[in-house]
Amino acid sequence: MMRPGLARDAAVCAAGLALLLVLPLAFPQPALRDFLIYVMAYGLLAMSLNLLVGLTGLVSFGHAAYFASGAYMFGLLMQSGRVSIPVAIVATVAGTALIALVIGAICVRLKEIYFSFITLAFQMFIHSIILTWVSLTGGDQGLMGGIPRPPFLGINLNEGTALYGFCAAVFVACVLLMRQVWMSPFGYALRLIRDNPSRANFVGIDVVRAKLGIFVFAGAMASVAGVLLALFVSGAYPEFGFWTTSGEAIFMIMLGGSQLFVGPLVGAFLLQLLNRTVTIYTEHHGLVLGLVILLIVLGLRQGVGAFLFERLARRRQARR
Amino acid sequence: MNLDALAGCVSSSACLVTQISTALIVGMLLFMVTSGLSLIFGVLGIINFAHGAFYMMGAYFALAAYQLTSSFAVAFLAGALGVGLLGIVFERLVMSRVYGTDVLMQLLVCYAMILIADDVVKIVFGPEYKMMGMPDAFALPPIELFGGFIPAYYVFMIGASLLIGLLLWLGINKTRLGKTIRALAINPQMVGALGINTTLLYAGVFGIGSLLAGVAGALAAPTRTLTPGMGVSILIESFIVTVIGGMGSIAGALIAALLIGFARAFGAIGCPLFVDGLMFALMAVVLVVKPSGLLGREPAR
């Protein structure tokens with residue numbers, strides 16, 4: 001189904017992909033490539049979470065569960081040695097969507113604050129499964145032995161540039177897909193559910209089903225983020241599914257602004273930058289991060305992205 | 001699954017007594033934490049995600065006071081009152097600024113608070129596991145009951161929690177202050193119009209809620225290992241208790257906390273790898289059968 005603006009979005013995405021591919025050529029330090037892959041993986045996690053938070057008004061505090069499930073499923077499938085990378089990715093996304101469907105079927109029936117803490121509870125459940133099922137997941141050591149990257153269709157991901165290019169392409173494809181949902185009639189139905197659920201019900205929208213639909217989609221997208229990170233670090237660790245990862249994703253959304261489609265990506269970029277700078281100077285990374293969050297929330301009372309966006313809009317209006 | 005072990009335990013009175021006492025102390029600690037969480041939610045309408053961090057601070061305050069004075073009474077008071085004060089400061093400086101904003105902001109400040117608390121504990125007490133040890137006052141021979149042995153401290157712990165729960169219930173339901181607090185939960189403008197300082201009352205309620213977490217932390221300190229980050233697991237369990245018991249009901253919290261306590265104590269024998277799963281299964285069943293919780297008044301939908 002074509003919608004107006006799709007061509008423009010596709011063009012923007014193509015330009016973004018070109019930029020992502022050119023950047024490491026212009027600045028060939030491997031550190032930049034590493035940084036960008038982290039931004040893409042966490043950015044994808046935050047953007048997928050924002051489909052729930054910003055678009056539907058469902059504040060999930062357990063989104064990292066699907067991130068971890070993506071990383072672990074993909075890692076385990078590749079370690080089994082029976083499938084190629086694309087097949088493993090498709091299977092991982094499908095498997096995670098199934099998990100999200102089961103958890104979502106219970107969670108989306110709850111109202112907002114219950115929803116937050118039950119999603120958190122389920123995430124910690126998955127985290128504890130990862131920790132206790134040592135024979136499968138390696139427990140707190142993470143998935144050991146590395147994740148093999150057998151070549152497929154002539155692409156060899158053991159080579160740094162190819163790996164980076166593949167991650168960038170998958171990332172941009174997912175962004176375009178999420179943008180499509182964001183602007184679709186379904187996306188507008190979700191906005192109505194966020195703003196006025198009883199009206200949504202009256203107009204004939206099946207609220208529970210719509211919420212479940214976006215919950216599963218967001219979970220599937222988060223699993224792709226997990227796949228990208230697992231592919232890059234060649235492993236999977238229980239921290240991927242710990243509650244702090246969900247907290248960070250929420251902070252990224254807030255940093256960038258929840259009402260802008262690319263807001264969470266900006267937030268992911270800022271937070272990765274902050275994390276990298278902080279860890280150089282101190283090991284008490286939580287303390288600094290906590291203080292920064294308090295400063296921003298209590299000082300600006302909104303995200304940095306939303307703050308800048310509003311000022312820009314006000315300026316534009318003043319000019320008219 | 002190890003049903004033989006479970007059947008073996010149930011048929012032996014000694015094992016039964018031990019497991020029941022374990023279930024009771026797990027349940028009682030959870031009840032303390034959950035009732036504080038539930039009180040704050042009921043009156044202020046916010047979920048304090050940093051509640052687990054308060055529990056942790058209670059345990060560490062008690063540990064520090066015990067190491068200084070080697071008196072358990074002082075340690076207990078330090079845990080309870082220290083965390084109560086901390087709660088009031090947190091409410092005044094941070095939480096009160098995000099009332100009425102969206103859940104996202106409340107979640108974020110609590111997230112920040114947990115990160116800060118965990119790191120401060122790491123800096124002050126060190127990242128390694130800490131043990132407080134059994135206080136001298138409770139170095140008594142365990143009490144024998146039907147062939148099983150219960151440590152004297154467990155009996156004290158269960159009694160103290162029940163007493164505090166009873167005081168809380170009486171305070172809210174039978175006193176004038178409790179009536180004001182209940183009114184505050186329903187119509188804060190009206191309470192303010194009657195000349196009552198609602199700001200003070202909000203801070204007070206938050207303080208009492210935090211104090212309950214501190215009490216739980218102080219009571220747990222002699223029986224558990226202390227680590228930075230110990231608050232998260234009890235926070236998750238108290239969420240489950242709230243959902244099962246129904247939000248805003250003290251009796252519901254007690255029943256659900258005991259239910260979880262028994263599920264944990266006997267699950268540890270019957271299916272040790274699936275104890276967490278058992279709690280979630282219980283919660284899922286309650287959510288499907290009665291979404292508002294066992295004794296919840298308002299529906300959770």
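1. The contact between the chains takes 34 residues from chain A and 32 residues from chain B. Two residues count as in contact if their C-beta atoms, placed from the backbone, lie within 7 Å. On the side of chain A that touches chain B, α5 (112-132), α11 (243-256) and α13 (285-300) of chain A each give two or more residues. The largest share, 12 residues, comes from α5(A). By class, this side has 24 nonpolar, 7 polar and 3 charged residues. Here Ala, Val, Leu, Ile, Met, Phe, Trp, Tyr, Cys and Pro count as nonpolar, Asp, Glu, Lys and Arg as charged, and the others, Gly among them, as polar.

2. This is a predicted model: local features need pLDDT of at least 70, side-chain atom pairs count only at pLDDT 80 or more, and totals for chains, interfaces and linings use all residues. Residues are numbered from 1 along each chain as its sequence is written, and chains are lettered from A and ligands numbered from 1 in the order in which they are written. Helices (H or I, at least four residues) and strands (E, at least two) are DSSP runs, numbered from the N terminus.

3. The model scores ipTM 0.77 and pTM 0.83. For chain B the mean pLDDT (the predictor's confidence in each residue, from 0 to 100) is 83, and 96% of its residues reach 70 or more. Within chain B, confidence is lowest in strand β1 (residues 143-145), at a mean of 71, and highest in helix α9 (residues 198-220), at 90.

4. The largest nonpolar core has 210 residues. Such a core is a set of buried Ala, Val, Leu, Ile, Met, Phe, Trp, Tyr and Cys residues joined through C-beta atoms within 7 Å. Those with the most contacts inside it are Leu44(A), Leu228(A), Ala59(B), Ala62(B) and Leu108(B). Neighbours within four places in sequence aside, Leu108(B) is in contact with Ile250(A), Phe251(A), Met254(A), Ile293(A) and Val297(A).

5. In chain B, the axes of helix α2 (residues 13-44) and helix α11 (residues 250-270) come within 7 Å and cross at roughly 140°. Axes are lines fitted to C-alpha atoms, for helices over the stretch in contact, and angles run from 0 to 180 degrees between N-to-C directions. The contact of α2(B) with α11(B) has 15 nonpolar, 7 polar and 1 charged residues.

6. Leu85(B) sits in helix α4 (residues 72-93) of chain B. Leu85(B) counts as partly exposed because it has 14 C-beta neighbours inside 10 Å; the cut-offs are 20 or more for buried and 12 or fewer for exposed, with C-beta atoms placed from the backbone. The C-alpha atoms of Leu85(B) and Gly207(B) are separated by 6.4 Å, though these residues are 122 apart along the chain.
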